[in-house]
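This briefing concerns the strand pairing, nonpolar core, disulfide and salt bridges of one predicted model. Please read it beside the sequence and the structure.

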Amino acid sequence: QVQLVESGGGLVQPGGSLRLSCVASGSIFSINAMGWYRQAPGKGRELVATITSGGSTNYADSVKGRFTISRDNAKKAVYLQMNSLKPEDTAVYYCNANVAIVFGNNRNYWGQGTQVTVSS
């Protein structure tokens with residue numbers, strides 16, 4: 001079984017910063033892409049940023065220049081540094097990872113979500 005555990009959410013004022021972390025554990029052969037998604041109240045889940053095992057990144061237009069995704073393959077971890085936060089960034093943030101528990105058998109796993117609230 002694979003588990004993704006997120007941490008680092010909270011309440012922050014507009015213009016502030018937060019750093020989200022997500023660590024994968026369990027019977028893992030390899031981890032391919034990892035990423036962050038978010039879901040605001042009344043809206044669907046949307047991509048925030050992804051990163052491949054080789055370090056290539058992709059961002060939603062709404063967060064480019066403000067958010068930075070990174071990963072530590074040895075720790076099986078992915079991070080999201082969020083700067084210049086806006087009220088519209090308020091959402092539950094979910095970690096996602098494409099994991100193989102045996103060679104060639106990949107599937108996507110999700111964390112439980114962490115709340116980020118941007119408000120004065």
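An open sheet is formed by four strands in the order E1-E3-E8-E7, with antiparallel pairing. Strands E1 (2-7) and E7 (67-72) stand at its edges with a single partner strand each, so one side of each is left without a neighbour in the sheet. On average, neighbouring strands of this sheet are turned by 15° against each other, direction ignored; the axes behind this angle are lines fitted to C-alpha atoms, and angles run from 0 to 180 degrees between N-to-C directions.

**Basis of the values**
- The model is predicted, so local features need pLDDT of at least 70 and side-chain atom pairs count only at pLDDT 80 or more, whereas totals for chains, interfaces and linings use all residues.
- Residues are numbered from 1 along each chain as its sequence is written, and side-chain values use heavy atoms, with hydrogens and water left out.

**Strand pairing**
- Strands are DSSP runs (E, at least two residues), numbered from the N terminus, and two strands pair if DSSP finds at least two bridges between them.
- Strand E3 (residues 18-26) pairs with strand E8 (residues 77-82) in the antiparallel sense over six bridges, and Arg-19 stands opposite Gln-81 in E8.
- Strand E4 (residues 30-39) runs antiparallel to strand E9 (residues 91-102), and eight bridges join the two; Gly-35 has Asn-96 in E9 as its bridge partner.
- E4 also pairs with strand E5 (residues 46-51), in the antiparallel sense over five bridges, with Met-34 opposite Ile-51 in E5.
- The hairpin of E4 and E5 has six residues between the strands, and in it Gly-42 takes a positive phi near 80°.

**Nonpolar core**
- The largest nonpolar core has 31 residues, and those with the most contacts inside it are Trp-36, Leu-80, Met-82 and Tyr-93.
- At least two residues of this core come from each of E1, E3, E4, E5, E7, E8, E9 and strand E11 (114-118), and E9 gives the most, with five residues.
- Such a core is a set of buried Ala, Val, Leu, Ile, Met, Phe, Trp, Tyr and Cys residues joined through side-chain atoms within 4.5 Å.
- Buried means under 20% relative accessible area, exposed over 50%, and partly exposed in between (1.4 Å probe, protein chains only).

**Disulfide**
- The count comes to one disulfide, a disulfide being a pair of cysteine sulfur atoms within 2.5 Å.
- Cys-22 is joined to Cys-95 with an S to S distance of 2.1 Å; the pair links distant parts of the chain, Cys-22 in strand E3 and Cys-95 in strand E9, 73 residues apart.
- The link of Cys-22 and Cys-95 is left-handed, with -80° about the S-S bond.
- Cys-22 counts as buried because its relative accessibility is 0%, and Cys-95 counts as buried at 0% as well.

**Salt bridges**
- There are four salt bridges, each a side-chain nitrogen of Lys or Arg within 4 Å of a carboxyl oxygen of Asp or Glu.
- Glu-46 forms a salt bridge with Arg-38, with the closest N and O atoms 2.7 Å apart; Glu-46 is partly exposed at 37% relative accessibility, whereas Arg-38 is buried at 6%.
- Asp-89 forms a salt bridge with Arg-66, the closest N and O atoms again being 2.7 Å apart.
- This pair links distant parts of the chain, 23 residues apart: Asp-89 is in the loop between E8 and E9, and Arg-66 is in the loop between strand E6 (57-59) and E7.
- Asp-89 is buried, with a relative accessible area of 1%, and Arg-66 counts as buried at 10%.
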